[in-house]
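Please look at the sequence and the model shown here before reading on. The report after it is meant for someone new to this structure.

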Amino acid sequence: MELSEHIKTANVEDVTLKRPFHPALRGTLCVTSHHLLFSDRKDEASWQLLILLKNIDAVEKRAVGSSGTITIKCKDLLVLQLEIPGMEECLNIASSIEALSSLESVTEMYPFFYRPSHLTLHGPWGLSSTEQYYKQTERLWDRWRVSTVNSDYSVCPSYTSAVIVPREVDDDKLIRSARFRQGGRFPVLSYCHHRNGMVIMRSSQPLTGANKKRCKEDELLLQAVIDGSELGYVIDLRSAQQAQQARMTGGGFESKSCYSHWKRIHRHHERGKVVQESLIKLVEACNDPSHSVDRWLSKLENSKWLSHVHSALSTAGLVVECVERDGHSVLVHGSEGTDNTLLVSTLAQLILDPASRTVTGFLCLLEREWIQAGHPFQQRCAHSAYSHARLKLECPSFLLLLDCVWQVWRQFPLALEFSEALLLRLAQEAYASNYGTFLCNSEQEKCAAGVKENTHCLFQSLSKPDIEEQYLNPLYEPNDLAIWPSVHPQSLQLWTGLFLRWTEYAQNMVEAREEVWSIVKEHREKAGPDRSNNTPSTHCDTLTPFENLMDELTIL
Amino acid sequence: MEHIRTPKCVSKYVVEQVKLLDRFSNKSVTGTLHLTATHLIFVESNSTSAQEIWILHHHIASVEKLSLTTSGCPLLIQCRNFRVVHFVIPRERDCHDIYSSLLRLLRPVSYDELYAFSYNPKQNDQQREEGWQLIDLAAEFERMGVPCDQWQLTDVNREYKVCETYPRDLYVPITASKPIIVGSSKFRSKGRFPVLTYFYQEKKAAVCRCSQPLSGFSARCLEDEHMLQAISKSNHNSRYIYVMDTRPKLNALANRAAGKGYENEDNYSNIRFQFVGIENIHVMRGSLQKLLEVMGTRSLSMTDYLVGLENSGWLRHIKAIMDAAIFLARAVTVEGASVLVHCSDGWDRTAQVCALGSLLMDPYYRTIKGFMVLIEKDWISFGHKFADRCDQLDPDPKEVSPIFTQFLECVWQLTEQFPQAFEFSEWFLIQIHEHVHSCQFGNFLGNSQRQREDLQLKERTYSLWAHLLSEKQNYLNPVYSPSFAESHPVLEPSTQAYHFKFWRNMYHQYDRSMHPRQSILKHVLTLKESNRELEGTVQALKTKLQKFGVSTSPLKPQTPPRERSLPPRPQSLILGAPLLSRKEVQQEEDEEVIGEEAREDAPASTGGERTVEGNSATENGYGELKESFGSKNEPSVVTLEFGVARMTC
């Protein structure tokens, strides 16, 4: 097999491994096609470290006498050091890692080889399809329909084969509208609010260009969305100036004269490279142990990461305000409609929709709004914060989303069924995974590569019923209302769980969390299942001691 | 409100139709403003939510009349507990009356005018006395293992003759004779000679405190050198002692010109001298002012927030104090060396460092009772000038400084790093802060023990500690783990810059819109409390059963009770339910009382207040979250200010 050709030295003995806040270990290092394996002893109880090569963002090598040191910087922000005796071995290992961690071909990636015994490849892939979502959402049936106009991905290569559109707009109109939108991303339904039937639509920018082109069908499509009600809002994720400038390069915005029932609001959001650089600067600041409080704060500020979090949550709040408070439908888009657009529409749904706050609901939301909506994961997550490679299309949009969700969780610690651990897991999986979920850039690419036939789905394995306890929030209490987060800068915080994940600080937090769990468990045991909402309902035959005693007393 | 005593000078003043503006949004509510002898009270007119705000006059730091607007005359009041209220009073005359009355009320001229002397929590003399006896410093030194073969109690200051600002009981090395003590005290600023404040039994190492020596450029004092020698000799584990001068070197140098200064290592044998670099009270005052200015800005951007936080220097100062405390704790616990800490007068930075250092070394100080003892020892008894620093009386603005606030914040920063190490939660710290400024209890009045005795505080006022202990439930940290203390007797905090965070719940405690909408702390506390109650109920029922002669041990869920009559009872869940819900109702009623008073800060009980102050949040249209989050079970941590209110009525 050709992958193994990259491996010149597969095994090295007497390697010293250094991890932050752990004593150094000596053992054997082994490079395989997809993994880096370190094992400290040969006996049974040995400690092992297994790292997906894809998780490795940067490799730095340094010679010290006859031996070499390799520093491995992972996409999940862990930094490791390996001291390898023998210069040649060291260089071999480093070059193998470099080559194997940056494979481009999807089918050579590990998810195509991952075959755990407890999972089978047969059966449906993913949690829910557009059709299923439509079937389950009764409030859509009246005015909305599923269109398969994109079944061969020719109308919009980055959309799924099925999308939800207004019932009265036929497929021909959709095709024309798609031609008028960048990348063919015509307005489709993202969410329909359960309280008032108002919707969140998303799309890419209209291609009005310098001479203010119009598209009748696009206008009709949006007209059909608001269906007689007075007003809809277009939340344009660019500043008014940027939107104007976009016309020079063929893009544009929905002008008042053509879309008379839509009011445009501009909100500036940084995108692409700028956000990626923010991540790099932030991680650099977090890893620099030397600085004073002043320098830390100035570096934190300089990274602008929290500013991105701030704007994303603010704009999501604005969308929610339009939908929930004012009762208007909203169209969200930026330029391409594959990054900030999804970020804002996802956050708005999390705030609005109680169904999206359960584990399965949240994963379904991610599946709809990120996987099916065509966020180009392969491009965006090719590199993380450490890579020296020149930036191309990398952008941590998804990480930014997870950070925003974490901020919401911090402000509403009882409202989400999932825990921080799930967010951390997702942050890691998006960059390097055993599963096929985050492979490729769109459903079309996934089909072409045979992802659904040959890999396992992460969301399926994460969702209930056999979800691991660590991914559940012990304090979860379902709640029907919108959860409006505060967006004062004072209310937002650095996501220490992610960015300071590999510090000694994390351990104390883990212990505190365990303590919370044990209190909750004790409470469930004592108070019985009827008082705790998220334990699977048990039957009458498992009585709490309390009920037992009550029994006895009534008899007397 | 009739039960509020109307004093001779100011009769109760009522102004209707006053608007209260939210400081971060355009929201406002209308209500009535009452001015009483002790409080400024705002009662919202809206009958459904009707929040009340009680502001103790002692809490008010400044009152400002802003320029007239079309809707009335704005009055801006800033409080020492970081509350900022902005009223608009329809008629200018009313505004002026309130303004000038407040100005008068804000400046009590004698201690007798302070609230503590009129405050009466309906306790009898015996209860009051018991409250004052809760903390016993002699017992505390005994707990540390003092007196012992190396340290003794000296009566040299029994009459406050050697040092006015020290307590009567002081502990010194046994080899330090009276002439040495007296000689040393003459060589120290304000007579504050080196004395023991904490004894680390395990290594027999001592933490001592004093003020700066009057060394000038070359003066020396043999007795003082002897004194340090004695401290050094009392610890056989180490050949040297550390002398920590907590000031920046420059400040210490400047002091030499005024005949003060620092220890010359050539004159004192076996000392290791160390500057720490904590800034003085004026810098700290300025820093807090800058911080509050930034945080009070409307529609603050993330960039301005972080830049402002940095420019205020506040967290840098917090870190400097923490660094010093860590240095102290390491010297004592790792090297086993004794340490002498001083600054200029030895009552500000010295108190911060000694107290925080002891807290790092001794798990006892991380309990509720222990923390009280610590404050009583290092702050109150050793003469931190609370009256001056907290502006209690006839203020000299140059003496005011948030030194004690910084100490509380350092402790908070530690609770964030070690969530299981402290028996108390941040609400305890915030409540203490509240009362340091409220002048409602006697503990913090005055500048020294001597002054407190002169004021007969123990006879005429009540102790805060008793009050706090009676509400202990509200201040518990639900994830506190005594076993953590066993495995981590000495805390070793990280001093990485990113661990120093802005303490929102302190500096924005009254800006509800900024707070998390649900609190893990409250929720877990409630669960824990409920666990305890259920356990109690089970026990009570067991006892009852035993009285009936039924053995409870083999209660197996599956075994149906034998003598059950027909028809079979409905589901056991339902059977259990009435009692459970009765309990809940009971709880609700209990909480109700607190809820009444806590209304202001208990977000869940007033649905309309639960809003997002977003960029776009304009009106109060966000009232979606009505009674959603188990508000009824929330403990009354919110009684911060209403502790005041409740007591008055």
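This is a predicted model: local features need pLDDT of at least 70, side-chain atom pairs count only at pLDDT 80 or more; totals for chains, interfaces and linings use all residues.

Residues are numbered from 1 along each chain as its sequence is written, chains are lettered from A in the order in which they are written, and side-chain values use heavy atoms, with hydrogens and water left out.

Chain B is divided into two parts, domain 1 (13-107) and domain 2 (136-508), with bounds that come from an automatic or database domain assignment. The table gathers values for this pair.

| Domain 1 and domain 2 of chain B | Value |
|---|---|
| Distance between C-alpha centres | 37 Å |
| Buried area (accessible area, 1.4 Å probe, lost on being put together, summed over both) | about 1300 Å² |

Of the area that domain 1 of chain B buries against domain 2 of chain B, 48% is supplied by Phe24(B), Arg80(B) and Phe82(B), more than by any other three residues. Arg80(B) also forms a salt bridge with Asp391(B), their closest N and O atoms being 2.6 Å apart; the term requires a side-chain nitrogen of Lys or Arg within 4 Å of a carboxyl oxygen of Asp or Glu. Across this interface the rule finds one salt bridge.

An unreviewed UniProt entry places a "binding site" at residues including Asn280(B), Cys343(B) and Arg349(B), and such annotations may be inferred rather than shown by experiment. The residues of this site span 70 residues in sequence, yet no two of their C-alpha atoms are more than 12.2 Å apart, so they gather at one spot.

Methods. Buried area is the accessible area (1.4 Å probe) that two parts lose on being put together, summed over both.
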